[in-house]
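The sequence and structure are shown first.

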Amino acid sequence: MDLYFEMNSGIAGDMTIASLLDLGASKEKLVNAIESLGIDGYELVFDRKIKNNIDANNFDVILTNKNHNHSHEGKENHDHDHTHEHVDENGNTYTHSHGDDHHGHRHLKEITELINKADISEKAKQDALGIFDIIADAEAKAHGIEKSAVHFHEVGAVDSIIDIIGTAVLIDDLGAENIYFSDLSEGYGYQYSSHGQMPIPVPAVVNILAGSDVTLKLLDEEGEHVTPTGAAIVRYYDKGEKVDSFKVKNIGLGAGNKDFAKYTNILRVMEIETSKKKH
C-alpha cells in the first residue's frame, strides 16, 4: 500500500491517527497497543466532526488526572501541545506543556523502556522510537543540553506518547510500503502562553525540520498548524520522494481541533496507486 499525506492545513498526532483510522486501520489494534503501555490518567475519544461542512473522523486523548484543568473543547493546539517555558531547580529552561503529566516527566531512556515493553510489532516499536529520537534531538538543540538530559515535558505527555505509538501501530497495520507527503503548511504569528509567546513555527518544529527534505509552505493564515509531534512524524516517514500523479483508491480524513478562517483544519491521507515518482 502507498499512502499520500495531504497537509494543506498542517499536521498533528491526533489528526494523523484519526485519518489512518478513517482509512481503515484497526481501532482494536490501536486500543490494545495503548492499553499494553500500562499507563493511566486518560480516556480515548472516537467520534466525527464537521469541519467547514466536511465530515471528518476525530480522535482525541482526554487527560483524566485530577491535577489537570484540561478541557477537550478548549484545546488551543491539535494535540494538546500548548507550550510555555519552564525553569527547573537547576535553572535550566525547558519547553513545557499544559497537557503533560506533571508528576511523570520522562527522559528518552524511560520512554524507550515504555515502548519496548508494549505489545506491538517490532516495526512499530522501531518507528515509534525513531520519532521520539527526532524530537529528543530537536529539544536538545533548542535548549543546549545533551539528548540524555532532555526532559520530555511536552512529548513525554500521556497524549503525545499515545499519538506517536498509535501512529506507528496504524501505519504498520495498513502495511504501508511507500509514504509520500505534500508540502507541510504552517501559519504565522505567535503561539501565546501564560509565560510569554513563541514564534510560529515554534522552535521545536523548526529544529525537527532543519536539514530534512521536508518543504515548509507558509500560509497567509495566523495561527499554529503544525505541532512538534506532527512535524516529527513527517520527518521520520518522509524519504524525500515525491509523486506528481496518482490514482486515489481510498481516503481518510482526520479532524483538527482548531477552526481557521481560510483553511479547513483537516488532514487528508489517501491510499494511492502510482508508477510515476520524482525526487
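How do the residues of the lining of the second largest pocket divide into nonpolar, polar and charged? They divide into six nonpolar, one polar and five charged, where Ala, Val, Leu, Ile, Met, Phe, Trp, Tyr, Cys and Pro count as nonpolar, Asp, Glu, Lys and Arg as charged, and the others, Gly among them, as polar.

The model is predicted, so that local features need pLDDT of at least 70 and side-chain atom pairs count only at pLDDT 80 or more, while totals for chains, interfaces and linings use all residues. Residues are numbered from 1 along each chain as its sequence is written, and side-chain values use heavy atoms, with hydrogens and water left out.

**Pocket and cavity**

On a 1 Å grid over the protein atoms alone, a pocket is an open set of points with protein on both sides within 12 Å along at least five of seven lines, a cavity is a set where a 1.4 Å probe fits but cannot get out, and lining residues have an atom within 4 Å of a point. Grid points are joined across faces, edges and corners, and a volume is the space filled by probe spheres set on the points.

The second largest pocket holds about 190 Å³ of space. Elements giving two or more residues to its lining are α4 (122–143), β6 (178–181) and α7 (228–237); helices (H or I, at least four residues) and strands (E, at least two) are DSSP runs, numbered from the N terminus. With three residues, β6 gives the most.

There are two cavities of 30 Å³ or more in the structure. The second largest cavity has a volume of about 40 Å³, and its lining includes Lys51 and Asp259.

**Salt bridges**

The structure holds twelve salt bridges, each a side-chain nitrogen of Lys or Arg within 4 Å of a carboxyl oxygen of Asp or Glu.

| Pair | Closest N and O atoms |
|---|---|
| Arg268 and Glu6 | 2.8 Å |
| Asp259 and Lys51 | 2.8 Å |
| Lys147 and Asp137 | 3.1 Å |

Arg268 in strand β13 (residues 266–273) and Glu6 in strand β1 (residues 2–6) are 262 residues apart. Buried means under 20% relative accessible area, exposed over 50%, and partly exposed in between (1.4 Å probe, protein chains only). Arg268 is partly exposed at 32%, whereas Glu6 is buried at 17%.

The salt bridge of Asp259 with Lys51 ties together parts 208 residues apart in sequence, because Asp259 lies in the loop between β12 (247–255) and β13 and Lys51 in strand β2 (residues 42–51). Asp259 is exposed at 67%, while Lys51 is buried at 5%.
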